[in-house]
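Visitor: I am new to this structure and would like to know what the terms used for it rest on. Please take me through them one at a time.

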Amino acid sequence: MKKIIALSLSLIALLATLTACGDTKQNAANVNLEEFYQTIFTDPENTPAMVAMEGEALDAFYPGLTAVALKQTVAYMPMMTAVPCEIVMVECENAADVDAVKNILQARITSQVENHMNYPAVIEAWETEAQVVVNGNYVALFVVNGMTEQVVADFNAAFAG
């Protein structure tokens with residue numbers, strides 16, 4: 001009888017441990033996008049002056065994005081159009097909306113590349129550096145002059161858990 005009780009308690013302890021491991025992996029996928037944004041620019045001397053895009057501004061530059069059900073939206077653009085930098089990160093409530101958001105972000109890249117009113121260096125940065133990244137229900141657009149690859153790597157690492 002003692003062996004059965006000891007074996008039962010051991011199995012319960014094992015199951016509790018495995019359940020806790022499962023919870024840790026699930027929580028690793030929850031990324032606070034505003035906190036991630038705050039980690040991008042660590043050198044105050046080389047940080048562009050950025051402004052948050054919300055409401056009408058977001059609708060103007062990303063038509064259709066505010067119509068999608070989103071859990072989180074973090075969108076920043078530079079105060080000066082001569083700076084090739086824009087960061088938009090969202091978490092979709094529904095996986096079915098990920099492709100629509102991806103297309104909206106890709107359309108922004110296309111419009112910036114085809115905008116002949118932009119400075120040539122800005123067009124080139126949007127053309128060569130801008131990336132749309134998807135991690136589960138999270139979709140992001142990054143164009144960060146000279147830093148895009150690192151920002152994308154850091155964003156992907158945030159989901160590696």
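**What the terms rest on**

Guide: There is 1 salt bridge in the structure. The model is a predicted one.

Visitor: What makes the contact of Arg-108 and Glu-86 a salt bridge?

Guide: The N to O distance between the side chains of Arg-108 and Glu-86 is 2.8 Å. The cut-off is a side-chain nitrogen of Lys or Arg within 4 Å of a carboxyl oxygen of Asp or Glu, so the pair qualifies.

Visitor: Which parts of the chain does the pair link?

Guide: Distant ones: Arg-108 belongs to helix 4 and Glu-86 to strand 3, 22 residues apart. Arg-108 and Glu-86 are both buried.

Visitor: Why is strand 3 called mostly covered?

Guide: Buried means under 20% relative accessible area, and 8 of the 8 residues of strand 3 are buried, so the description holds.

Visitor: Which residues of strand 3 point one way, and which the other way?

Guide: Cys-85, Ile-87, Met-89 and Glu-91 point one way, while Glu-86, Val-88, Val-90 and Cys-92 point the other way. In a regular strand, side chains alternate between the two faces of the sheet.

Visitor: How do you know that strand 2 and strand 3 pair?

Guide: Pairing needs at least two bridges, and 6 bridges join strand 2 to strand 3, so the two strands pair. They run antiparallel, and Gln-72 stands opposite Glu-91 of strand 3. A hairpin connects strand 2 to strand 3 through 6 residues.

Visitor: What joins strand 3 to strand 5?

Guide: Strand 3 and strand 5 (residues 138-144) pair over 7 bridges in the antiparallel sense. Val-144 in strand 5 is the bridge partner of Cys-85.

Visitor: What about strand 4 and strand 5?

Guide: Strand 4 (residues 131-135) and strand 5 are antiparallel and joined by 5 bridges, so they too meet the cut-off of at least two. Val-134 has Val-139 in strand 5 as its bridge partner. The two strands form a hairpin with 2 residues between them, and Gly-136 in the turn has a positive phi of about 60°.

Visitor: Which residues lie nearest the centre of the largest pocket?

Guide: Met-77, Thr-81, Glu-86, Arg-108 and Gln-112, out of 15 lining residues. Strand 2 (70-78), strand 3 (85-92), helix 4 (98-114) and helix 5 (120-128) each give two or more residues to the lining. The volume of this pocket is about 160 Å³.

Visitor: How does its lining divide?

Guide: The lining residues are 10 nonpolar, 3 polar and 2 charged.

Notes: Residues numbered from 1 in each chain as written. Predicted model: local features only at pLDDT ≥ 70, side-chain atom pairs only at ≥ 80, totals over all residues. Heavy atoms only, no water. 1 Å grid on protein atoms, 1.4 Å probe; cavity = no way out; pocket = protein on both sides within 12 Å on 5 of 7 lines; lining within 4 Å. Points joined across faces, edges and corners; volume = space filled by probe spheres on them. Helix = DSSP H or I, 4+ residues; strand = E, 2+ residues; numbered from the N terminus. Nonpolar A, V, L, I, M, F, W, Y, C, P; charged D, E, K, R; others polar. Buried < 20%, exposed > 50% of the residue type's maximum accessible area, 1.4 Å probe, protein only.
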